Amino acid sequence: MSITAIPAIAPVAIGDAVLGTNRSVYVIGEIGINHNGDLQIAKQLIDVAAAAGANAVKFQKRTPEISTPMDMRSKIRSTPWGEMTYLDYRYRVEFDAAQYRDLIRYAANLGLHAFASPWDVPSVHFMEEQGVVTHKVASASVTDLELLRALAETRKPIILSTGMSTIEQIDAAVETLGTNNLVLMHATSTYPLPPEEANLRTIETLRERYRVPVGYSGHERGLQISLAAVALGAVTVERHITLDRTMWGSDQASSLEPKGFEALIRDIRILETAMGDGVKRVFPGELAPLSRLRRVDA
């Protein structure tokens with residue numbers, strides 16, 4: 001009988017980390033905009049990620065006059081800094097180049113990669129100037145082919161989240177980016193994510209369809225769904241982190257606090273060890289029960 005070999009999925013290197021099957025899960029602490037434009041809060045969140053044992057932190061980078069929808073710009077929003085238009089709020093929470101360089105350097109000194117999801121083409125160039133090791137595509141940007149082409153031109157590894165997207169839209173995004181140095185992230189963009197919308201078997205669907213490493217970006221409360229994603233082969237896990245879920249901001253409530261993020265990474269590392277290699281054997285710890293309990297030898 002002839003058996004057609006399934007081609008292996010090539011791992012993807014991000015800086016000094018390698019993402020792929022049988023590799024340590026690459027854990028990303030998604031700071032996003034949970035820093036509320038405060039550099040010291042951002043550094044505290046980097047500290048949280050480092051203390052928990054993460055591999056990376058991620059921010060969001062926007063050019064507000066480009067990435068803010070026209071119908072949202074003049075809407076008034078109540079903020080900790082008073083009432084302001086949504087466009088002014090978007091400017092208020094952005095970091096400049098010097099601040100990003102400071103944050104990337106601060107993270108590197110703690111052994112972490114720091115990068116961002118650019119939401120527009122100038123933001124791609126901005127993050128490139130800061131020397132990031134990779135770029136992340138937010139689920140909202142899957143259909144922004146101009147942005148994807150700019151990201152492809154960087155020749156950096158790209159992490160693409162797939163929330164709120166059809167398989168046809170993901171096809172077009174993958175065709176634009178190419179599969180070399182691409183990591184897909186299964187995601188469902190419901191905040192917070194209910195279990196019935198997690199659809200974790202999509203991890204396998206994406207892996208088989210595109211033959212690239214696949215991870216998981218979660219917005220659920222708790223740890224169970226993220227851990228299940230690891231058991232299903234997710235090579236990277238991204239979760240929002242916060243100092244306190246009661247802080248002001250749209251993503252805080254669906255984020256993990258420091259103890260929760262630490263517990264997640266602890267359990268991921270235990271799960272990695274527990275998965276084993278799939279070869280059935282008698283382990284040393286079984287020898288004493290074997291001699292005591294088995295009555296008939298083979």
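This is a predicted model: local features need pLDDT of at least 70, side-chain atom pairs count only at pLDDT 80 or more; totals for chains, interfaces and linings use all residues.
At the N-terminal end of H5, the cap is provided by Asp 96, with a side-chain oxygen 3.2 Å from the backbone nitrogen of Ala 98. The helix itself comprises 13 residues (residues 97–109); at 1.5 Å a residue it should span 18 Å, and the separation of 18 Å between its end C-alpha atoms agrees with this.

Four residues of H5 are buried, namely Tyr 100, Leu 103, Ile 104 and Ala 107. Viewed down the axis of H5, these buried residues fall within an arc of 95°, and they therefore line one face of the helix. An α-helix has 3.6 residues a turn, so residues three or four places apart point the same way. The packing partners of the buried residues of H5 are helix H1 (39–52), strand E4 (56–61), strand E7 (113–118) and helix H6 (121–129).

Six of the six residues of E7 are buried, so the strand is largely enclosed by the rest of the structure. His 113, Phe 115 and Ser 117 point one way from E7, whereas Ala 114, Ala 116 and Pro 118 point the other way; the residues on both sides are buried. Strand E7 pairs with E4 in the parallel sense, over six bridges. Within this pairing, Ala 56 has His 113 of E7 as its bridge partner.

Arg 77 has Met 84 in E6 as its bridge partner.

Side chains of opposite charge can pair when their charged atoms come close.

One of the salt bridges is formed by Glu 30 and Lys 58, with the closest N and O atoms 2.9 Å apart. This pair links distant parts of the chain, with Glu 30 in strand E3 (residues 26–32) and Lys 58 in strand E4, 28 residues apart. Glu 30 has a relative accessibility of 4% and therefore counts as buried. Lys 58 is also buried, its relative accessible area being 1%; the cut-off for burial is under 20%.

Glu 128 and Lys 156 meet in another salt bridge, with an N to O distance of 2.8 Å. Here too distant parts of the chain are linked, as Glu 128 lies in helix H6 and Lys 156 in the loop between helix H7 (145–153) and strand E9 (158–161), 28 residues apart. Glu 128 counts as partly exposed at 27% relative accessibility, and Lys 156 likewise counts as partly exposed, at 22%.

A further salt bridge connects Arg 209 with Asp 171, where the closest N and O atoms are 2.8 Å apart. Arg 209 belongs to helix H9 (residues 202–210) and Asp 171 to helix H8 (residues 167–177); the pair links distant parts of the chain, 38 residues apart. Arg 209 is partly exposed, with a relative accessible area of 44%, and Asp 171 is partly exposed, with a relative accessible area of 26%.

Methods: Residues are numbered from 1 along each chain as its sequence is written. Side-chain values use heavy atoms; hydrogens and water are left out. Helices (H or I, at least four residues) and strands (E, at least two) are DSSP runs, numbered from the N terminus. The expected span of a helix is 1.5 Å times one less than its number of residues. Buried means under 20% relative accessible area, exposed over 50%, partly exposed in between (1.4 Å probe, protein chains only). The arc is that of the directions from the helix axis to the C-beta atoms. Contact means heavy atoms within 4.5 Å. A polar contact is a pair of N or O atoms within 3.5 Å; within protein, one must be able to donate a hydrogen and the other to accept it, and residues adjacent in sequence count only if both atoms are side-chain atoms. A salt bridge is a side-chain nitrogen of Lys or Arg within 4 Å of a carboxyl oxygen of Asp or Glu. Two strands pair if DSSP finds at least two bridges between them.
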